[in-house]
Amino acid sequence: MNVAFFIPELSNRGGVEISTINIVNALASSSKININLIVFNDDAFVSELHPKVNIMCLNIANYKKQYLTLIRRFRHFLMSNEIDVVVTVESMSYLFSFFPLMTLRNRPKIVVWEHFNYKNDNGRKSRSFLRILAAKSADLIILLTERDVEEWKKNIQISAKITYIYNISTFDRVNNDYNKNSTTIISIGRYTQVKGFDRLIEIWKILQCKYNNLDWKMNIIGYGENKEQLQALIDDSNLKNIALISGENVELNYMEAGFYCMTSYFEGLPMVLIEAQSFGLPSIAFDIFTGPSEILDESTGILIKDSDLEAYADAIYKLISDPELRKKMSISALQASSRFSKEMVVGKWIDELEKITS
């Protein structure tokens, strides 16, 4: 089977890009599939890809000015390489792959792989239209959670087959002895509004006001445009033991942490919680619309009613105060992480692709 994944660029290192690299590399290692990757113009990521991945750069610097060129080059690649399936990463990218696909006489099967939950358009109003277009014209829609499948079925008249497949964890399960003596809490992500680090800082303020003499520290690991704003929130509140840390050695941060905190406003299926489980970390998260509830349960972490900052602070204190509970949750988290293993996820991808091409 000759499969092409299309994503405009991979230069950002958010969850979408990481998930795409993970699944492309995993599928490339399978003897059943030949993997191609179509991008606009980006070679910075080449070293991260499996050597069997065939990369096609369309050399598009400005899609608005080069839209017709984009269509022509996209069509030429599909015809020249006899592609059986095109996987468009994210419904927004269907803006670019739809016309090249629909103008082919013998078009490949079309898969649209959406990474944002139905209630989150990620600031793009056109996403709603492109989701409807995908539902009408694609052969398969792949979402990240069962809950999101239900939401699509409820709100869109769908002609395509629709299913969900979890993301692969970036890290293999790490049989690292959990350190119940660690006094470090971590949270990881880009410093953007959607990740909710502003409310994590407010939670830390509540925690420090409510419980005295805590010797634990909170490291918020990442990068992004809101760094100065977040630092100002920390400084203005005179908070102790909380810091913004550059994300250069993420794996080491997971290994040395006591537990993980996520305070996002929206997620599809949060990679950070999946990664945390791979290291056997207990986690706390708000029970937002999709994501955390399909990863965490009471054996692996704590789910908090969305926006209840005080309850979240109490949950942090609960884990801080009970090393045996953290150890027990760590064992369960590591066991639960098998759902996101490469073998499990790749098997589901291959099964779905074989169904639409048979």
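Which residue in β4 is the bridge partner of Val3? Hold that thought for a moment, everyone.

First, the ground rules. This is a predicted model, where local features need pLDDT of at least 70 and side-chain atom pairs count only at pLDDT 80 or more, while totals for chains, interfaces and linings use all residues. Residues are numbered from 1 along each chain as its sequence is written, and side-chain values use heavy atoms, with hydrogens and water left out. When I say helix or strand, I mean a DSSP run, H or I of at least four residues for helices and E of at least two for strands, numbered from the N terminus.

Okay, back to Val3. Its bridge partner in β4 is Val85. Strand β1, residues 2-6, pairs with β4 in the parallel sense over four bridges; pairing here means that DSSP finds at least two bridges between two strands. On to β5, residues 109-113: β4 pairs with this strand too, again in the parallel sense, over five bridges. There, Val85 stands opposite Lys109.

So is β4 buried or exposed? Five of the five residues of β4, residues 85-89, are buried, so the strand is largely enclosed by the rest of the structure. Buried means under 20% relative accessible area, exposed means over 50%, and partly exposed is in between, with a 1.4 Å probe and protein chains only. In a regular strand, side chains alternate between the two faces of the sheet. Here, Val85, Val87 and Val89 point one way, and Val86 and Thr88 point the other way.

In the loop between α2 and β4 you'll find Glu82, which is exposed at 61% relative accessible area. In the loop between β4 and α3 there's Glu90, and that one counts as buried at 14%. For context, most residues other than glycine have a negative phi.

Staying in this area, have a look at Val112 in strand β5. Val112 is buried, with a relative accessible area of 0%. Leaving aside neighbours within four places in sequence, Val112 is in contact (heavy atoms within 4.5 Å) with residues including Thr88, Glu90, Tyr94 and Ala138. Take Ala138: Val112 and Ala138 are 26 residues apart in sequence, and 6.9 Å apart in space, C-alpha to C-alpha.

Another buried one is Glu17, with a relative accessible area of 13%. Glu17 sits in helix α1, residues 15-28. Beyond its neighbours within four places in sequence, Glu17 touches Glu9, Leu10 and Asn12.

Next up, helices. How do α2 and α3 pack? Helix α2, residues 67-80, and helix α3, residues 94-102, meet at an angle of about 55°, with axes 9 Å apart. Those axes are lines fitted to C-alpha atoms, for helices over the stretch in contact, and angles run from 0 to 180 degrees between N-to-C directions. The pair is therefore oblique; under 35 degrees counts as roughly parallel, over 145 as roughly antiparallel, 65 to 115 as roughly perpendicular, and the rest as oblique. From α2, residues including Leu70, Ile71 and Phe74 meet a set in α3 that includes Leu95, Phe96 and Phe99. The residues of this contact divide into ten nonpolar, one polar and one charged. The classes are: Ala, Val, Leu, Ile, Met, Phe, Trp, Tyr, Cys and Pro nonpolar; Asp, Glu, Lys and Arg charged; the others, Gly among them, polar.

Then there's α6, residues 197-210, with α7, residues 227-236: their angle is about 10° and their axes are 10 Å apart. That makes α6 roughly parallel to α7. Phe197, Asp198 and Ile201 in α6 meet Leu230, Leu233 and Ile234 in α7.

Last stop: an open sheet of six strands, in the order β10-β9-β8-β11-β12-β13, with parallel pairing. β10 (242-246) and β13 (301-304) stand at the edges with a single partner strand each, so one side of each is left without a neighbour in the sheet. The twist averages 25° from one strand to the next. Inside the order, β8 (184-190) and β11 (259-262) pair over two bridges, and Ile186 has Tyr260 as its bridge partner in β11. Finally, helix α11, residues 309-321, lies across β8, β9, β11, β12 and β13, running at about 175° to β12.

That's the tour, thanks!
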